[in-house]
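The following exercises concern the structure shown below. Each task is followed by a solution in steps.

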Amino acid sequence: MPSRQPDASTRVRVDGHEVVTYSFGSGSEVLFLLNGGPGLPSLYLRESLLRLLEEGYRIVTYDQLGCGASDRPTDPKLWTMARYVAEVETVRKALGLGPVHLLGHSWGGWLGIDYALTHPGAIKTLILSNTCGDMPHLVGELNRLRAALGAETVAMMQHHEADGTIDHPEYQAAVTVLNYRHVCRLQQWPEPVAQSLSDWNMGPYATMQGPNEFLYIGNLKDWNRIPDMHRITQPCLILTGHFDELGPACAMRMKHALPNAELTVFPNSSHMPMYEEADAYLARVSAFLGHHRG
């Protein structure tokens with residue numbers, strides 16, 4: 001099924017390049033989406049939340065620099081948290097948006113945390129979906145998930161990582177198992193997810209995160225905003241899946257750090273509850289936003 005076309009789409013100048021924005025609906029309450037990646041098009045996230053248009057919200061997102069229909073420069077110096085934070089603010093101002101309800105998924109949640117700390121007046125509420133506030137803690141959690149594959153498999157993976165041969169079929173097979181356990185547990189991955197993944201620009205991703213979802217060696221490997229998150233006083237909703245790669249332990253660290261936060265764990269989901277438990281996910285987001293309209 002073809003994706004819904006935006007009601008408005010504009011190009012915004014950022015750092016000498018252009019990013020493409022997408023706006024759906026015309027409500028006064030804006031839900032601004034920051035998708036995962038980095039380097040992943042926004043399609044998968046916006047498609048999963050468009051049902052909220054029926055409740056009068058305006059949904060706005062954009063393809064971050066380096067992905068989707070936006071420009072794709074190759075300079076690795078562009079792929080930093082600070083530059084992406086400035087990019088979000090440039091887009092918000094260019095679109096004439098006032099304070100927004102901000103939903104960040106995965107990498108978009110890390111970006112959302114830094115954005116909220118940098119531009120606190122720009123957001124009404126913050127929804128942190130399947131994300132974390134402490135990368136070193138996440139690495140420990142990922143190692144625990146890898147360990148569940150068994151000692152021999154972990155040793156094999158570490159061997160290939162040390163040798164620089166992570167493209168080997170046996171290593172890729174282990175990553176595939178982890179993806180189906182902890183990224184999306186649906187037998188058939190939804191079309192918007194498949195489309196976004198097929199157009200993934202690995203340049204920003206490899207620079208900031210690493211070569212895959214379970215090996216963090218990029219420039220964000222030491223990122224930790226837990227000590228600062230007490231400064232985010234807006235209402236926050238934390239969402240995670242029971243089987244999520246960024247799971248309940250990560251979510252609890254954020255909840256304890258935030259002064260005004262609620263937490264929901266989706267029992268049958270991993271990293272994509274907006275598809276794995278779509279009705280429950282949308283109902284939870286809708287209820288939270290409904291309490292903080294106006």
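**Exercise 1.** State which residues of the largest nonpolar core touch the most other members.

*Solution.* A nonpolar core is a set of buried Ala, Val, Leu, Ile, Met, Phe, Trp, Tyr and Cys residues joined through side-chain atoms within 4.5 Å; buried means under 20% relative accessible area, exposed over 50%, and partly exposed in between (1.4 Å probe, protein chains only). The largest such core has 92 residues, and those touching the most other members are Leu52, Leu103, Trp110, Leu138, Met229, Ile232 and Leu258. Helix α3 (residues 107-118) supplies the largest share of this core, 7 residues. Helices (H or I, at least four residues) and strands (E, at least two) are DSSP runs, numbered from the N terminus.

The model is predicted: local features need pLDDT of at least 70, side-chain atom pairs count only at pLDDT 80 or more, and totals for chains, interfaces and linings use all residues. Residues are numbered from 1 along each chain as its sequence is written, and side-chain values use heavy atoms, with hydrogens and water left out.

**Exercise 2.** List the contacts of Leu103, leaving aside its neighbours within four places in sequence.

*Solution.* Contact means heavy atoms within 4.5 Å. With those neighbours left aside, Leu103 contacts Leu31, Phe32, Leu33, Leu34, Leu45, Leu49, Ile127, Ser129, Tyr281 and Val285.

**Exercise 3.** Describe how helices α5 and α6 cross.

*Solution.* Axes are lines fitted to C-alpha atoms, for helices over the stretch in contact, and angles run from 0 to 180 degrees between N-to-C directions. The axes of α5 (residues 151-163) and α6 (residues 169-182) come within 9 Å and cross at roughly 120°. The two helices are therefore oblique to each other (under 35 degrees is roughly parallel, over 145 roughly antiparallel, 65 to 115 roughly perpendicular, and the rest oblique). From α5, the contact involves Thr153, Met156, Met157, His160 and Glu161; from α6, Glu170, Tyr171, Ala174, Val175 and Leu178.

**Exercise 4.** Which values of phi do Asp15 and Ser106 have, and is each residue buried or partly exposed?

*Solution.* Most residues other than glycine have a negative phi, and most peptide bonds are trans. Asp15, in the loop between β1 (11-14) and β2 (17-24), has a positive phi of about 55°. Its relative accessibility is 47%, so Asp15 counts as partly exposed. Ser106, in the loop between β5 (100-105) and α3, has a positive phi near 60°. With a relative accessible area of 9%, Ser106 is buried.

**Exercise 5.** Where does Pro38 lie, and which residue does a cis peptide bond join to Pro38?

*Solution.* Pro38 lies in the loop between β3 (29-34) and α1 (43-49). The cis bond joins Gly37 and Pro38, with omega about -5°.
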